[in-house]
Amino acid sequence: MVHNQQINRRIMLRGLGVAMGLPLLEAMTPMARSVMAAPSSKTLPTRMACVFFPNGVIVPKWQPAKGPELVLGESLQALQPLKHKLTMVSGLALDNGRAKKDGAGDHARAGSTFLTAARPVKTSTDIKVGVSVDQLAAQQIGQETRLASIELGVLGSRNAGSCDSGYSCAYSSNVSWRSEHQPSAKETVPRLAFERLFGTGDNAATRERDFYRKSILDVVAQDARKLDKKLGTTDRRKIDEYFTGVRELERRIEMTEAEDRKGVPELELPHGRPKQFVEHADLMSDLMVVAFQTDATRVATFMLDNAGGNRSYPDIGVNDGHHQISHHSNHEGKVANLQKIDAHLAERLAYFLQKLDSVQEAGGTLLDHSMVLYGSGLSDGNRHRHEDLPIVIAGGARGRIKTNRHIELGEETPMANLFMSMLDIVGAPVESIGDSTGRLDQLTTS
């Protein structure tokens, strides 16, 4: 027997302080009244994620080959399996990231302009920059989801004090800005991000759930059983796959927390961050996938490190700090190590994109219906260059972006023009952002 009762797109499974969204099901579309009908990709939302990495790249190893055909550079070979779902843009610049009359502080400017394209005021107190592209999107489409946006990272934010030549630490720690004066604080602890996605804010209920060590899936089981009676075979499979993924994510978070608590069992430790960068970054990527899959939010930002970040990467044989070796002065060994980091970070992007691409939706995958911006506010970190930025756009945005190509702009183009087109694509158009001069018409198919 096939069940195809129509159910509300905003349905939530609830229990013991948990509100759990669901992936898009056939039964959530008006067409579900017909057993033979399937949802169209046109009924799906477009999700937008912006992923930042610091310190620029080794440009010759990162840039694609010249010409409209997309030929990935050496540092991006991890993305080769998904090349047909990528677009790369050459010639974009963040003019407001340049020194001009403000002198040193390029890393702070690279972070604060990355999604705002606005000029940050050089100060450690009265901060001011501009509203970021993700928050402009959230302001218009955020009311359609449980969370207007989610901001993630792997290193905590410092919003007080000076971190770069007189610039507030807020400029280096945040790429998402809710207003000119207020950054959107990012979450770096997987458990807290998980609770933000699924918790109701009832602290007592959260404590009770933790006490009984119950999975989120267990506490919503009663609602899930009721829902199961309304679903057809395809939707039941989707729910099973989704629940399996969420339980696995819970298990991995619990494992990292248990590892963090080893050695000091008498202490009541706060839920912490995974010690290993790869595990931490991949957990945050998984959380973004679940957030998009359940339509908990359609807007996300993720910082792989703060601007000017000086993390070392011993797992790939790089023991010196990232920022330190970005000033390589063409030293062969430092250049080689920096290129290793570029490739390593691209692998984390590949993990995120492959996860998105593994989620099937009507007419394609979650990646096909998303738009992921990946890049840095610097190109050549050695010379602090803010032009010809390393930019990848992944996903087809429900057919709005023609992929598997290299867009060469030929002359310096404000990155803000890309933001204008991105906002059009997600249904949140604006008249201007930062130093925009128009739209990047080459990005869209129509």
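Modeller: Contact means heavy atoms within 4.5 Å, while helices (H or I, at least four residues) and strands (E, at least two) are DSSP runs, numbered from the N terminus. In those terms, the buried residues of α13 pack against β3, β4 (86-93), α3, β11, β12 and β13 (405-414). This is a predicted model, in which local features need pLDDT of at least 70 and side-chain atom pairs count only at pLDDT 80 or more, whereas totals for chains, interfaces and linings use all residues. Residues are numbered from 1 along each chain as its sequence is written, and side-chain values use heavy atoms, with hydrogens and water left out.

Biologist: Why is helix α13 (residues 415-425) called largely enclosed by the rest of the structure?

Modeller: A residue is buried under 20% relative accessible area, exposed over 50%, and partly exposed in between, with a 1.4 Å probe and protein chains only. Ten of the eleven residues of α13 are buried, so the description follows from that count. Among them are M415, L418, F419, M422 and I425. Just after the helix, G427 takes a positive phi of about 80 degrees.

Biologist: What makes β11 count as mostly covered?

Modeller: Six of its six residues are buried. S370, V372 and Y374 point one way from the strand, M371, L373 and G375 point the other way, and all are buried.

Biologist: How do you know that β11 pairs with β3, and which way do the two strands run, parallel or antiparallel?

Modeller: Two strands pair if DSSP finds at least two bridges between them. Six bridges join β3 to β11, and the two run parallel; F52 stands opposite G375 there. Four bridges join β11 to β12, an antiparallel arrangement, in which V372 has A394 as its bridge partner.

Biologist: What makes a set of residues a nonpolar core, and which members of the largest one touch the most other members?

Modeller: A nonpolar core is a set of buried Ala, Val, Leu, Ile, Met, Phe, Trp, Tyr and Cys residues joined through side-chain atoms within 4.5 Å. The largest such core has 55 residues, and those touching the most other members are F302, L304, F352, L353, L356, V372 and Y374. Helix α10 (residues 277-293) gives this core its largest share, ten residues. If neighbours within four places in sequence are left aside, L356 is in contact with V289, F292, T365, L366, L367 and V372. Apart from this core lies another, of 40 residues, and its members include F52, L389, I391 and L418.

Biologist: Why is the pair of F52 and F114 called edge-to-face?

Modeller: Rings of Phe, Tyr and Trp (its six-membered ring) pair if their centres lie within 6.5 Å, and planes under 30 degrees apart count as stacked, over 60 as edge-to-face and the rest as tilted. A search of the whole structure finds six aromatic pairs. For F52 and F114 the ring centres are 5.1 Å apart and the planes stand at 65 degrees, so the pair is edge-to-face. F52 lies in strand β3 (residues 47-52) and F114 in the loop between α2 (106-113) and α3 (133-141), so the pair ties together parts that are 62 residues apart in sequence. Both F52 and F114 are buried. The rings of Y167 and Y171, with centres 5.8 Å apart and planes at 75 degrees, also form an edge-to-face pair, and both of these tyrosines are buried.

Biologist: How do you know that C163 and C169 form a disulfide, and why is it called right-handed?

Modeller: A disulfide is a pair of cysteine sulfur atoms within 2.5 Å, and the S to S distance between C163 and C169 is 1.9 Å. The torsion about the S-S bond is about 90 degrees, so the disulfide is right-handed. At 38% relative accessibility C163 counts as partly exposed, whereas C169, at 0%, is buried. The structure holds one disulfide.

Biologist: Why is S329 called exposed, while H384 is called partly exposed?

Modeller: S329 has 60% relative accessibility and therefore counts as exposed. H384 has 23%, so it counts as partly exposed. S329 lies in the loop between α11 (322-326) and α12 (332-358) and has a positive phi of about 50 degrees although it is not a glycine. H384, in the loop between β11 (370-375) and β12 (391-394), also has a positive phi, near 55 degrees, in a residue other than glycine.
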